[in-house]
Amino acid sequence: MPAHAELEGRTALVTGGASGIGAALCAELSDRGMAIVVADIDYEGAQRVAAGLRQRGGTALAVAVDVSDPDSVERLAQAAYAEYGSVELLCNNAGVLLFGTIEDSSLGDWRWLASVNVEGLLNSLHAFLPRMSAQTGWKHVMNTASTHAFLADPSFTALYTATKQAIVAVTQGLRHELREQGFGVTLLCPGQADTRILDSQRNRPERFGRRADEPFGTGDVPLAIGVDEVARRAVAGLLADAEIVFALPSEGLEQFRGQLEEWWRLADDALVRHTEPLA
Ligand SMILES: NC(=O)c1ccc[n+]([C@@H]2O[C@H](COP(=O)([O-])OP(=O)(O)OC[C@H]3O[C@@H](n4cnc5c(N)ncnc54)[C@H](O)[C@@H]3O)[C@@H](O)[C@H]2O)c1
């Protein structure tokens with residue numbers, strides 16, 4: 001069973017820590033006495049976040065990483081362990097979003113989404129789990145998926161949703177596979193948070209081909225929950241070893257509940273048909 005959570009004096013590593021939810025997680029965990037590794041493809045942004053934490057009296061290191069590249073993630077792990085000797089909390093949070101129809105999306109769009117959101121998670125787990133497994137005491141993995149993973153109607157966001165569904169599956173498997181080794185595992189599912197996620201292509205490497213159109217623009221997320229609240233809910237959840245943490249604006253709760261119920265209704269209808277004789 002996982003040990004009782006203790007944050008003070010421990011180390012947290014946050015991918016995608018330079019912006020949005022990741023930066024807010026860095027601040028919340030730093031305020032609770034953790035040393036922070038701010039890891040991001042945007043190294044200048046990561047340095048800014050780390051400097052801000054140090055100015056507030058925290059301990060922080062910025063590291064450049066492209067989570068889609070296993071060698072880059074291995075270098076990140078080496079840098080984190082060289083600096084702090086252990087990582088007790090691994091927040092796999094880096095992620096990118098694209099809106100658009102399936103018909104209009106390119107294979108490059110899919111490869112970019114999948115290589116950051118899904119392979120990035122696997123690269124991180126492969127680099128950090130062996131190291132964390134060798135540690136005694138509290139250890140926890142928190143993976144950022146999305147409420148999108150539970151949408152019964154993911155039109156215009158199906159590819160992104162597919163990557164977030166993969167994160168749900170990996171995280172739930174992980175929670176059960178790692179229990180015996182004393183890990184806690186939490187799935188963080190934000191919905192409509194106030195970040196730069198709509199401008200994800202600012203970090204799209206050229207190797208994934210032409211930039212996709214942005215049918216909904218690249219500006220602010222509408223009707224959004226603040227990232228500080230997302231981070232507070234996330235940390236409360238991991239302290240309680242919650243399996244899932246939802247963090248969305250309160251105005252969106254009922255609509256989201258409707259999506260979950262729609263999923264259940266689809267499955268239930270199919271099960272009822274399964275009991276009927278075949279024509
Ligand atoms: N904002 C929302 O409404 C929302 C909702 C649900 C889930 N999420 C998820 O939250 C997570 C954080 O996103 P955010 O909303 O804070 O967006 P954001 O764009 O503000 O932050 C994402 C960070 O990930 C970094 N990043 C992108 N590609 C990377 C790569 N290859 N390697 C390392 N870092 C990389 C970016 O540089 C950026 O700093 C993502 O996984 C996203 O899918 C966000």
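Here are some notes on this predicted model, taken point by point.

1. Start with strand β6, residues 183–190. Of its 8 residues, 8 are buried, so the strand is largely enclosed by the rest of the structure. Look at both faces: Phe 183, Val 185, Leu 187 and Cys 189 point one way, while Gly 184, Thr 186, Leu 188 and Pro 190 point the other way, and all are buried.

2. On one pairing, β6 runs parallel to β5 (residues 139–144), with 6 bridges joining the two.

3. The handedness deserves a look: β6, helix α6 (residues 227–239) and β7 make a left-handed β-α-β unit.

4. Helix α4 (107–133) and strand β5 each supply at least two lining residues, with α4 giving the largest share, 5 residues. By class, the lining is 5 nonpolar and 8 polar residues, with no charged ones.

5. Two backbone spots to check by eye. Most residues other than glycine have a negative phi. Phe 156, not a glycine, has a positive phi of about 70°. Phe 156 sits in the loop between β5 and α5 and is partly exposed, at 45% relative accessible area. Leu 223 is the other spot, with a positive phi near 45°. Leu 223 belongs to the loop between β6 and α6, and its 69% relative accessibility makes it exposed.

6. On to charges: the model has 14 salt bridges by count. The pair I'd look at is Arg 204 with Asp 109, whose side chains meet at 2.8 Å, N to O. Arg 204 is in the loop between β6 and α6 and Asp 109 is in helix α4, so this pair ties together parts that are 95 residues apart in sequence. Both Arg 204 and Asp 109 are buried.

7. Another salt bridge links Arg 32 and Glu 28, with the closest N and O atoms 2.9 Å apart. How exposed or buried are the two partners? Arg 32 is partly exposed at 34% relative accessible area, whereas Glu 28 counts as buried at 15%.

8. In helix α7 (residues 253–275), Arg 257 and Glu 254 are 3 residues apart, which puts about one helical turn between them. Their side chains form a salt bridge at 3.7 Å, N to O. Arg 257 is partly exposed, with a relative accessible area of 47%, and Glu 254 counts as exposed at 55%.

Conventions:
Residues numbered from 1 in each chain as written. Predicted model: local features only at pLDDT ≥ 70, side-chain atom pairs only at ≥ 80, totals over all residues. Heavy atoms only, no water. Buried < 20%, exposed > 50% of the residue type's maximum accessible area, 1.4 Å probe, protein only. Helix = DSSP H or I, 4+ residues; strand = E, 2+ residues; numbered from the N terminus. Pairing = 2+ DSSP bridges. Right-handed = clockwise from strand over helix to strand, strands pointing away. Nonpolar A, V, L, I, M, F, W, Y, C, P; charged D, E, K, R; others polar. Salt bridge = Lys/Arg side-chain N within 4 Å of Asp/Glu carboxyl O.
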